[in-house]
Amino acid sequence: MLRYGLFVTYLPHIFLGPIERYDTFRRSAFENRRITWDGISSGGARALWGLFKKLAIAARAGVIVSAISADPEQFRGAYALAAMLLYSVQLYADFSGGIDIVLGVSRMLGIGLSENFNAPYFSQTVQEFWRRWHITLGSWLREYVYFPLGGSRKGKARKLLNCVVTFLVSGLWHGVHYLLWGLMNGLFVALGDRCKTRFRWLNQLCTFLLISVLWSFFVWPDTLTAMNMIGSVFTEFHWSAFLSGAASLGLNVGEWAVLAVSVLLLWVYDAFREPISRRFHALCPAGRVAVIGAAALAVLIFGMYGIGFNAEEFIYSRF
């Protein structure tokens, strides 16, 4: 009972995730826990990478998204598309950054938790995206909603219905406003690989754009406004207007440049995560300390702090 109480009150993961099973946590925290230099250094580096994603990337993208979403009458068309694309970046950097902090701190304490993201924006279909995004929630929904409904065992039509119902439950879990978001995701997931082309890069680009459009239900406060802004992308698109007005969205040229470079760094890391991890683990202790120091310095220099920015608020903790 005491161990279970420690599990449900373990603060690093209680607000953001991952959604951990007690048996997995018990084995890691109570049976196999060891605090080592490897765990402290790799966990510290991961926690700092999470802080960088939160404070340097998500914070900057959030300034622009907030400015655009605050005035849907003025910022339409290209502005709306920019908000959707940047919200995709903001949400991923914010949510996965928070998970990185949780996993990093836990690793430093000798506790291993489940991974929750696997480079989701490199997915080639929406179905693949949801296997890579919030992995532990997806596992929970499959086990407690999709499989009890029958899964894929009762024919194609029933599989389609079960998939849509599962995502409707996911949408309702986020809030009533997100039911349409859940329905549309369920339909695209049910399509599976039917919309894939033979070009990997094109599949990834189309999936990213589609997911970004679906995130619009999180950008604007109600379903009608979100649908209206999606429509404006196709009817009132003026890219030149966005380029000329980008400087009025809260970031100067230097901040835009930092955001662009930081996002590129995020994409490179996701693309080469395994080789980067192997190189880090191959470093000597002094080399690891140097990397951790450089990461801490980058967070201090490029992180956004100050009035108007709540560094403690994580987007996903609202749900």
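**Figure 1. Contacts of Gln124 in the predicted model.** Gln124 touches Lys196, Arg200, Asn203, Gln204 and Thr207, with residues up to four places away in sequence left out of the count. The model shown here and in the other views is predicted. Gln124 sits in the loop that runs between helix 5 (78-108) and helix 6 (126-132). Its relative accessible area is 12%, under the 20% limit, so Gln124 counts as buried.

**Figure 2. Glu128 in helix 6.** Glu128 is a residue of helix 6. With a relative accessible area of 14%, Glu128 is buried, because the value falls under 20%. When neighbours within four places in sequence are set aside, Glu128 is in contact with Phe122 and Ser123.

**Figure 3. Val169 in helix 8.** Val169 belongs to helix 8 (residues 156-174). The relative accessibility of Val169 is 33%, so this residue counts as partly exposed, a class that lies between 20% and 50%. Val169 touches Leu141 and Val145, again without counting residues up to four places away in sequence. The view also takes in Leu137: Val169 and Leu137 are 32 residues apart in sequence, and their C-alpha atoms are 12 Å apart in space.

**Figure 4. The largest pocket and its lining.** The largest pocket holds about 970 Å³ of space. Its lining is made up of 38 residues, and those nearest the centre of the pocket are Ala45, Arg46, Trp49, Tyr269 and Ile276. Two or more lining residues come from each of helix 4 (37-69), helix 5, helix 14 (253-271), helix 15 (273-282) and helix 16 (285-302). By residue type, the lining of the largest pocket consists of 21 nonpolar, eight polar and nine charged residues. Empty space of this kind is found by rolling a probe the size of a water molecule over the atoms.

**Figure 5. Confidence along the protein chain.** The protein chain has a mean pLDDT of 87, and 93% of its residues reach 70 or more. Confidence is highest in helix 10 (residues 200-214), with a mean of 95. The lowest confidence in the chain is in helix 2 (residues 11-14), where the mean is 62.

Definitions and conventions. Residues numbered from 1 in each chain as written. Predicted model: local features only at pLDDT ≥ 70, side-chain atom pairs only at ≥ 80, totals over all residues. Heavy atoms only, no water. Helix = DSSP H or I, 4+ residues; strand = E, 2+ residues; numbered from the N terminus. Buried < 20%, exposed > 50% of the residue type's maximum accessible area, 1.4 Å probe, protein only. Contact = heavy atoms within 4.5 Å. 1 Å grid on protein atoms, 1.4 Å probe; cavity = no way out; pocket = protein on both sides within 12 Å on 5 of 7 lines; lining within 4 Å. Points joined across faces, edges and corners; volume = space filled by probe spheres on them. Nonpolar A, V, L, I, M, F, W, Y, C, P; charged D, E, K, R; others polar. pLDDT = per-residue confidence, 0-100.
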